[in-house]
Amino acid sequence: MGLLLGSGGLGDRSFNDSAYAGLLEAQKKYNIRFETIDTGTKDANIDALRLFARNHYDLIIAVAFENLESLKTVASEFPGIHFAGIDFELAADNVASVVYREQEADFLMGALAAMLTKTKKVDVIGGTDIPAIRRIMTGFSQGVAYQDPGVTVLTDFAGTFADPAVGLALALKRYGEGVDVIHNAASKTGLGIIQAAQQVNKYVTGTSGDQRYLAPGNMVGNRPKRVDTAVMLLIDGVYHDSFKPGVSSLGLKENGLALGPFDPNIVTPQISARLDDLKQKIIAGQIVVKAE
């Protein structure tokens with residue numbers, strides 16, 4: 001297996017690390033061999049993907065929207081090779097795409113923020129302006145409004161997924177303007193947002209794995225995007241000779257998105273019960289969260 005990572009690379013404690021966890025799980029289950037490549041220039045990415053294809057890798061995966069064009073180019077050149085894209089849609093006979101209904105889980109994070117804010121002012125900071133971040137922002141905003149229409153929601157793009165210093169500066173600015181809960185959807189840039197929350201003793205939530213240890217008492221918890229679930233589904237398909245091109249959509253129902261764990265000193269049993277009730281209503285279709 002070959003995996004082209006997104007911005008931030010391994011160690012982002014977020015999107016890329018989750019994809020890598022899927023590879024490790026597949027290695028234990030199927031004894032696969034794999035190689036990962038950090039994203040670089042478009043030409044470098046294309047060269048790396050071509051090298052995987054020329055070496056007849058059984059599955060070549062590119063994660064993150066920024067790698068769409070690179071994968072599209074190489075997949076068209078090697079029609080006999082299985083390719084996959086995670087977090088973007090690409091229609092081709094040899095490509096499987098996995099996208100997420102982020103808005104479902106971020107609706108819940110918006111409801112959580114509305115229950116935690118004391119200033120009635122919250123913010124969501126995304127990395128760059130891409131469809132997945134738009135879905136996160138719109139889901140979060142709907143959740144805030146559903147829980148408490150009196151809460152103001154700000155939205156910001158950091159302009160990068162890979163620079164904690166940018167996240168730190170932007171978050172400090174927003175906290176200084178009265179925001180007391182920031183929802184972080186900025187991958188490695190988000191590490192700076194967490195640092196800012198700790199500096200000014202405000203709250204931050206996120207879209208990654210468990211990051212509470214980075215700022216105990218300030219990092220409330222996350223709703224991880226289960227990129228490892230997508231990686232395992234794709235590898236399962238290749239291993240069992242049932243690879244299916246086309247687009248798959250993962251949400252709360254498919255365990256493509258998770259909730260928590262949360263700091264129990266901040267998220268009370270009552271808040272947890274409210275979130276679980278809303279989650280079940282989304283899964284049952286009683287609450288429909290719009291993607292845009």
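Helix 4 and helix 5 are oblique to each other. Keep in mind that this is a predicted model. Grab the structure and let's work through it.

**Exercise 1.** Work out why helix 4 and helix 5 are called oblique to each other, and say which residues make the contact.

*Solution.* 
- Step 1: Find the two helices. Helix 4 covers residues 102-116 and helix 5 covers residues 131-147.
- Step 2: Get the geometry. They pack at an angle of about 40°, and their axes are 6 Å apart.
- Step 3: Check the cut-offs. Under 35 degrees would be roughly parallel, and 65 to 115 roughly perpendicular.
- Step 4: Helix 4 passes helix 5 in a right-handed crossing.
- Step 5: List who touches whom. Helix 4 brings Glu102, Gln103, Asp106, Phe107, Met109, Gly110, Ala111, Ala113, Ala114 and Met115, while helix 5 brings residues including Ala132, Arg135, Ile136, Phe140 and Tyr146.
- Step 6: Sort them by class. This contact has 11 nonpolar, 6 polar and 3 charged residues.

**Exercise 2.** Find the buried residues of helix 7 and say what covers them.

*Solution.* 
- Step 1: Helix 7 spans residues 190-200, and its buried residues are Gly190, Leu191, Gly192, Ile193, Ile194, Ala196 and Ala197.
- Step 2: Look around them. The cover includes helix 6 as well as strands 6, 8, 9 and 10.

**Exercise 3.** Which residues have the most contacts inside the largest nonpolar core?

*Solution.* 
- Step 1: Recall the background: nonpolar side chains tend to be buried together in soluble globular proteins.
- Step 2: Here the largest nonpolar core has 60 residues, and Leu59, Ile61, Ile86, Leu112 and Ile235 have the most contacts inside it.
- Step 3: Helix 4 gives the largest share of this core, 9 residues.
- Step 4: Zoom in on Ile235. Not counting residues up to four places away in sequence, Ile235 touches Met1, Leu23, Ala26, Tyr30, Ile32 and Leu59.

**Exercise 4.** Is Gly251 buried or exposed, and where does it sit?

*Solution.* 
- Step 1: Gly251 belongs to the loop between strand 11 and helix 9.
- Step 2: Its relative accessible area is 0%. Buried means under 20%, so Gly251 is buried.
- Step 3: Check who is around. Past its neighbours within four places in sequence, Gly251 contacts Arg101, Glu104, Gly256 and Leu257.
- Step 4: Follow that loop to Pro261. The peptide bond from Gly260 to Pro261 is cis, with omega near 5°.

**Exercise 5.** Asn201 and Asp241 each have a positive phi. Are they buried or exposed?

*Solution.* 
- Step 1: Asn201, in the loop between helix 7 and strand 9, has a phi of about 60° although it is not a glycine.
- Step 2: Asp241, in the loop between helix 8 and strand 11, has a phi of about 55°.
- Step 3: Exposed means over 50%. Asn201 has 61% and Asp241 has 71%, so Asn201 is exposed and so is Asp241.

Notes
Residues are numbered from 1 along each chain as its sequence is written. This is a predicted model: local features need pLDDT of at least 70, side-chain atom pairs count only at pLDDT 80 or more; totals for chains, interfaces and linings use all residues. Side-chain values use heavy atoms; hydrogens and water are left out. Axes are lines fitted to C-alpha atoms, for helices over the stretch in contact, and angles run from 0 to 180 degrees between N-to-C directions. Helices (H or I, at least four residues) and strands (E, at least two) are DSSP runs, numbered from the N terminus. Angles under 35 degrees count as roughly parallel, over 145 as roughly antiparallel, 65 to 115 as roughly perpendicular and the rest as oblique. A crossing is left-handed if the near helix is turned anticlockwise from the far one by less than a right angle, and right-handed if clockwise. Contact means heavy atoms within 4.5 Å. Ala, Val, Leu, Ile, Met, Phe, Trp, Tyr, Cys and Pro count as nonpolar, Asp, Glu, Lys and Arg as charged, and the others, Gly among them, as polar. A nonpolar core is a set of buried Ala, Val, Leu, Ile, Met, Phe, Trp, Tyr and Cys residues joined through side-chain atoms within 4.5 Å. Buried means under 20% relative accessible area, exposed over 50%, partly exposed in between (1.4 Å probe, protein chains only).
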